[in-house]
Amino acid sequence: MDREIIKNYHGDLLTLLNKVKKALLEENGMGDLYHPFTLRQITFYSNPNHTKNRYKQFEIKKKAGGMRLITAPQNKNFKTLLQCLNEIFKALYTPSDYAMGFTEGRSVVTNADIHKNQNYVFNIDLKDFFPSITQSRICNRLQLAPFEFPAKIALVVSGLCCMKETFKDESGKEIVRYVLPQGAPTSPIITNMICDKLDRRLAGVAKRFGLRYSRYADDITFSSMHNVYSKGGEFLTELNRIIADQGFTINEKKTRLQTNRMRQEVTGIIVSKKLNVTQNYVRNIRNILYIWGKYGFIAAQSSFLPKYKADKGHVKKGNPDMINVLEGKLLYLKMVKGEGDSVYQRLREKFDRLKNDALGILKTNAFSNVTYIETLPLSDFENKNGEVVITYSEKKHKRYAYFNLDGNKKLVSVNLDITEEEEKAKDNFAISLCQDAKGKRFWLLHKKTKVTVPTPKPVDLDELNNDLDSLLNI
């Protein structure tokens, strides 16, 4: 949207939020869905004590181990309100040169690139980063440049961006605070606002000691060719003083000094003479592509889903699309290693070949707009995944089927030309994973003769496990 609308607007907050909302919808071709925010909504959500339907919480796994609590907006209107407010923030504010996270044009890659080919890489992590940023800190920051909000508006905006947190101290006394939730659309940019002074002071210390400095959210990195990181030394003393002075606490368990004699990592990326990903990252992509190529898409997805869910700890409604996840992993590999990297090129070529084969135009007369990703004889499918049960809905006057996969019931469409008499002879059936014209995946039960899709090699579990063991030792 046109950021000048925001920069040059001097009206009330509600009118500005509605201008932003309308502009965003029109940009996405959904202007006819525009309904303005009301003063009642702003008043309600600007008070963090109104907790009903405000946030939902779930945990995700951290890459370094442990779980991270995410607090995300539960109400759709509230989330949209915060998204519009975030657009106002982005139009008015540019993070410091040292903030690599939540900033356009910067990423974990640009962060890691600052520290490559150094003898020493020193990482610290700020403990309870988001919850340590309180409403009062945000309110005060919004009254300063470049925002310069009046005190009453700063109070309303900070209230919109915060949540009520209740906990007990060591004595058992109940404490109530109003803090920044990790998972709200406005929270990332607010952390950069609050850390402006921290970045400026730490960059000054880095310059004084001849170090490189960057910050990605709560992950702070210094690097150098010389060692100034000894305990009790001048640098660490000054570092600890500044961190405490800015209202943060260092997580001592995550403080680490990495020399060039060991693997050095910055925000999950290996930094040496050039940037690289871990061997496990490449191995995981290679494993799934191998199973897909040898045993077929369904076998690969069955192997992919449990591991993906276990690694993430939390998955939104529905199952992730394996093809989209693999494509994202390959784009990240390209971003880190470069488009000309031979490992990336080989994996990309294999992925593109398998993807093109899976999404090839293989259609039937009855379903002319359907792409068949993979087809298996029903008997083979049932031996691997359990029985497919065909049932009949009296209410809707149509048949459908289902089977259980990873503890979840999967519905299967039944081709219209299958009669109820033919249902008794399952040997004549096949089951296909399909995709419609809009890209939606679904399962279809049909006669074997309907689709001439080459079936993949039958899955031998012992052979598959042996193959995986060999791959893991590459």
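Helices here are DSSP runs of H or I with at least four residues, and strands are E runs of at least two, both numbered from the N terminus. By that count, this protein has 16 helices and 17 strands. The model is predicted.

**Whole chain**

Start with everything shown. The protein has 474 residues, and 43% of them count as buried.

**Stop 1: Asn111**

Select residues 108–113. This is helix H5, and Asn111 lies in it. Is Asn111 buried or exposed? Its relative accessible area is 0%; buried means under 20%, so Asn111 is buried. Show what surrounds the residue. Setting aside neighbours within four places in sequence, Asn111 is in contact with Met100, Ser214, Arg215, Tyr216, Val266 and Thr267. Keep Val266 selected, as one of those contacts; the strand E9 covers 265–266.

**Stop 2: the sheet E9-E10-E11**

Three strands make an open sheet here, ordered E9-E10-E11, with antiparallel pairing. Which strands stand at the edges? They are E9 (265–266) and E11 (275–276); each has a single partner strand, so one side of each has no neighbour in the sheet. Strands of a sheet pair through backbone hydrogen bonds, so display those next.

Go to E10, residues 269–271. Its antiparallel pairing with E11 runs over 2 bridges. Pick Ile270 and look across: Asn276 in E11 stands opposite.

**Stop 3: helix H11**

Select residues 279–295. Helix H11 has 17 residues. Check the distance from the first C-alpha to the last: the helix reaches 24 Å, close to the 24 Å expected at 1.5 Å a residue.

Colour H11 by burial. The buried residues are Tyr281, Val282, Arg283, Ile285, Asn287, Ile288, Leu289, Ile291, Trp292 and Tyr295. Then step just past the end of H11 to Gly296 and read its phi, which is positive at about 105°.

**Stop 4: Thr371**

Jump to residues 371–377, strand E12, where Thr371 has its place. Why does Thr371 count as buried? Its relative accessibility is 12%, and the cut-off for buried is under 20%. Finish with a distance. Pick the C-alpha atoms of Thr371 and Ser432: they are 9.7 Å apart in space, while the residues are 61 apart in sequence.

Notes:
Residues are numbered from 1 along each chain as its sequence is written. This is a predicted model: local features need pLDDT of at least 70, side-chain atom pairs count only at pLDDT 80 or more; totals for chains, interfaces and linings use all residues. Side-chain values use heavy atoms; hydrogens and water are left out. Buried means under 20% relative accessible area, exposed over 50%, partly exposed in between (1.4 Å probe, protein chains only). Contact means heavy atoms within 4.5 Å. Two strands pair if DSSP finds at least two bridges between them. The expected span of a helix is 1.5 Å times one less than its number of residues.
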